[in-house]
Amino acid sequence: MVGMALRNVRKSFGGLEVIHGVNLEVPSGELVVFVGPSGCGKSTLLRMIAGLEDISGGDVLIGGQMVNEVPPSGRGIAMVFQSYALYPHMSVYDNIAFGLRNIRTPEPEVARRVSEAARILQLEPLLQRLPRALSGGQRQRVAIGRAIVREPKVFLFDEPLSNLDAALRAQTRIEIARLHQTLGATMIYVTHDQIEAMTLADRVVVLNGGRIEQVGTPLDLYDRPDNVFVAGFIGSPRMNFLPAAALAGGVGADASLVGIRPEHLKPARLEEATLGGTVEIVEQLGEHMLAYVRVGDQLVVVKTDRQHEITLAQELPMTFEARHIHRFDSTGRAIR
């Protein structure tokens with residue numbers, strides 16, 4: 001069953017079109033992540049699904065029903081925002097229960113749903129605390145709990161981890177993944193962080209300029225990007241790009257541009273090298289290192305383990321396996 005679908009959805013502000021005919025189907029129970037750079041349209045698209053933005057064309061379907069004219073409260077969705085938006089004078093219990101009480105849900109049912117959400121999110125010891133007595137991660141879990149008790153058809157997350165520090169982001173990301181496994185619910189998650197996208201998603205939707213560039217599993221996008229934009233956006237550090245003529249052996253003979261991920265460039269003996277350059281920066285990251293190497297007018301990144309002794313200003317010969325090369329034509333499309 002389709003949990004959510006977009007059919008030729010468009011959005012214009014005056015004469016400026018910002019979402020250009022998006023088509024997407026999300027099966028029931030799937031966690032899909034919208035990812036892309038700032039201004040790509042991912043939050044606008046999410047708000048259109050929620051009913052917080054009017055659509056200029058096309059159809060939005062939730063649970064198989066067209067909801068273009070349905071107000072947000074009637075769409076069967078629950079949304080978690082970047083801001084926690086908790087009531088500071090209410091306990092955790094009352095914050096989670098507020099929406100249910102607002103629609104006059106019987107109190108025994110309120111208690112049952114709040115108790116279940118608290119159990120899932122490990123909030124049971126915190127139910128009587130006020131928000132000011134919680135950490136950022138705990139506050140975000142309360143906001144998620146407020147969404148869970150509504151028992152929605154679709155959960156919508158709009159950059160929910162942006163206000164958290166790095167450690168809490170990682171912890172809360174794990175909790176959201178566990179929540180999805182527990183509930184088996186349809187979830188749409190917006191982020192600009194491609195690491196969040198790669199670690200959370202069943203499928204990733206890469207957006208750019210209000211258009212979908214590619215949809216696929218995280219590893220599909222990493223291993224088989226459709227174009228230069230996706231290849232450069234998915235992966236950290238990003239893929240290296242070089243003119244095909246810069247590579248020895250004719251590997252890129254039918255391409256204008258070739259891409260090589262940092263982990264696929266290997267330090268080599270001079271006689272085995274396919275390309276080489278001068279090391280400008282070395283970053284030691286514990287289990288591995290990143291070397292930034294000047295190759296002609298390009299700065300390429302080599303990711304390798306620390307057994308290699310790489311020093312500033314040294315000449316570094318490098319090699320790679322042909323199967324790891326990504327080739328792109330003059331329009332930036334991948335050559336398969």
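Trainee: At what angle do helix 2 and helix 3 pack, and how far apart are their axes?

Mentor: Please bear in mind that this is a predicted model. Two packed helices are described by the angle between their axes and the distance between the axes. For helix 2 (residues 92-102) and helix 3 (residues 107-120), the angle is about 130° and the axes are 10 Å apart.

Trainee: Which term describes how helix 2 and helix 3 lie to each other?

Mentor: Their angle is about 130°. Angles over 145 degrees count as roughly antiparallel and 65 to 115 as roughly perpendicular, with the rest up to that limit, from 35 degrees, being oblique. Helix 2 and helix 3 are therefore oblique.

Trainee: Which residues of helix 3 make the contact with helix 2, and how many of the contact residues are charged?

Mentor: On helix 2, the contact is made by Tyr 93, Ile 96, Ala 97, Leu 100 and Arg 101. Helix 3 contributes Glu 107, Val 110, Ala 111, Arg 113 and Val 114. By class, the contact has seven nonpolar residues, no polar ones, and charged residues numbering three.

Trainee: Which helices are included in what covers the buried residues of helix 2?

Mentor: The buried residues of helix 2 are Val 92, Tyr 93, Asn 95, Ile 96, Ala 97 and Leu 100. Their cover includes helix 3 and helix 4 (136-148).

Trainee: Is Thr 172 buried or exposed?

Mentor: Thr 172 is found in helix 5 (residues 166-183). Its relative accessible area is 1%, and the cut-off for a buried residue is under 20%. Thr 172 is therefore buried.

Trainee: Which backbone oxygen does the side chain of Thr 172 reach?

Mentor: Beyond four places away in sequence, Thr 172 touches Gly 137, Leu 161 and Leu 164. The side chain of Thr 172 reaches, at 2.8 Å, the backbone oxygen of Leu 168.

Conventions
Residues numbered from 1 in each chain as written. Predicted model: local features only at pLDDT ≥ 70, side-chain atom pairs only at ≥ 80, totals over all residues. Heavy atoms only, no water. Helix = DSSP H or I, 4+ residues; strand = E, 2+ residues; numbered from the N terminus. Buried < 20%, exposed > 50% of the residue type's maximum accessible area, 1.4 Å probe, protein only. Polar contact = N/O pair within 3.5 Å; in protein donor to acceptor, adjacent residues only side chain to side chain. Contact = heavy atoms within 4.5 Å. Axes fitted to C-alpha atoms, helices over the stretch in contact; angles between N-to-C directions. Nonpolar A, V, L, I, M, F, W, Y, C, P; charged D, E, K, R; others polar.
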